[in-house]
Protein chains: 2
Amino acid sequence: MKKIELIQNILEANKATAESNRATLDRNGCTAVNIMSAPGAGKTCVILRTLELLRPEIRVAVVEGDVASTVDAEMVRDASDAVVQINTKSMPETCALIADMIDAALRKLPLSELDLVIIENVGNLICPSEFDLGEHLKIVISSSPEGDDKPLKYPLIFADADAVIINKSDLYPYVDFDREKFKRSVRDLNARAPFFELSCKTGAGIAEWVDWLRRQLPKK
Amino acid sequence: MKKIELIQNILEANKATAESNRATLDRNGCTAVNIMSAPGAGKTCVILRTLELLRPEIRVAVVEGDVASTVDAEMVRDASDAVVQINTKSMPETCALIADMIDAALRKLPLSELDLVIIENVGNLICPSEFDLGEHLKIVISSSPEGDDKPLKYPLIFADADAVIINKSDLYPYVDFDREKFKRSVRDLNARAPFFELSCKTGAGIAEWVDWLRRQLPKK
């Protein structure tokens, strides 16, 4: 029981910091989007394509979460208005970004000059679903080569998603991925999230996703 | 400090149970292999192909770890000598199999009638690297569509691997995956793990991997 209690305490403290992050973002008219996926589903690539279409009308910062390395921050640096890299360590409790890390990142960003903060979470379909960061939207990316059974195996992250992106649609001809089965499995968990099928590589479907994202932002 | 201390206690307790698991396996002349990867890298498919070549000479049980569902256990049931499904919950401390779960699984298996226990870990490149299960070999599978930067981003799991499998080699023509860059990144972390490039879909390269695995088992 002691262990479970401690985990509850961690999650409650995280929730309080997340609410404070959300208030800070709201005060600055800034929307935050938490992008989550398995390793290698294409989060960074989706973010780069999204930045291409949103900027310069929408001013966007990116917060990069990784266990180690600055590979992703280097990739988005020139494509965004600001970037912060967070390196979590690989201890079990930090297998995802937590609200404290986002608090620290937000302090480094010129929030009043931004419209959108895109948070690229650590590549993981389990831990990120536990930690509210103070974001306004949760997006889950699943890529076609991962297979259509991911919602069955990692239900929580799909249940809480505000939108589900299926990336790497260019690989449909070469992998066994039943799109309808995947969508039905998500729908059983989540009645409302729209689906976007896209390919970062070819650019197919990116515009529909970015149009939807733009419509979620407050009118300027 | 309190939090870190508790995590240390969890890891120490886990280590003791892992040593006990290993002693139980050794007493029964049974080798355990821990298969780890990101979600959708093809762990179950690699295991099915491996079972095809090992059995019936080698008697193999499979322990399936998933947050939810029995999808994988159903797939391997007929192909193995015994199967146990473990459903972890999605609390932060159980984003991987832990030694206690393997202890429970081993109690359900006819160990004296088995040569090999294949443990399919939860799809996750972070948490599993923290928890010794009592296995004899740690295998990491990375699939080509995930990209060649995974060792940079998830160093610990690659550093500790006894072998690294690159799966989905059939997708090389369709994805950007620099095999030499990937291998160099692993080599910087791990001087000894052999590489096996294979395709579960076509069967290419499976025999080399299974030959190596067979050579790791004690002579009967």
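Predicted model: local features only at pLDDT ≥ 70, side-chain atom pairs only at ≥ 80, totals over all residues.

So, polar contacts first: between chain A and chain B there are nine residue pairs in polar contact, both partners at pLDDT 80 or more.

Who supplies the chain A side? Helix 1 (2-27), helix 3 (71-77), helix 5 (150-153) and helix 6 (155-159) of chain A each put in at least two residues of the side that touches chain B. Helix 1 of chain A gives the most, with seven residues. If you sort that side of chain A by class, you get 26 nonpolar, seven polar and 13 charged residues.

On to the charges. The rule finds four salt bridges across the interface of chain A and chain B. One of them pairs Lys201(B) with Asp176(A), and there the closest N and O atoms are 3.8 Å apart. For that one, keep the cut-off in mind: the nitrogen has to be within 4 Å of a carboxyl oxygen.

Now the overall tally. We have 46 residues of chain A in contact with 46 residues of chain B. Together the two chains bury about 3,900 Å², and 67% of that is on carbon and sulfur atoms.

Which residues touch the most other members of the largest nonpolar core? Out of its 91 residues, those are Leu109(A), Val117(A), Leu109(B) and Val117(B).

Let's zoom in on Val117(A). Setting aside neighbours within four places in sequence, Val117(A) is in contact with Leu25(A), Cys30(A), Thr31(A), Ala32(A), Val33(A), Ala61(A), Val63(A), Leu109(A) and Leu111(A). Note that Leu109(A), another of those core residues, is on that list.

That's me done, over to you.

Key. Residues numbered from 1 in each chain as written. Chains lettered and ligands numbered in written order. Heavy atoms only, no water. Contact = heavy atoms within 4.5 Å. Buried area = accessible area lost by both parts, 1.4 Å probe. Salt bridge = Lys/Arg side-chain N within 4 Å of Asp/Glu carboxyl O. Polar contact = N/O pair within 3.5 Å; in protein donor to acceptor, adjacent residues only side chain to side chain. Helix = DSSP H or I, 4+ residues; strand = E, 2+ residues; numbered from the N terminus. Nonpolar A, V, L, I, M, F, W, Y, C, P; charged D, E, K, R; others polar. Core = buried A, V, L, I, M, F, W, Y, C linked by side-chain atoms within 4.5 Å. Buried < 20%, exposed > 50% of the residue type's maximum accessible area, 1.4 Å probe, protein only.
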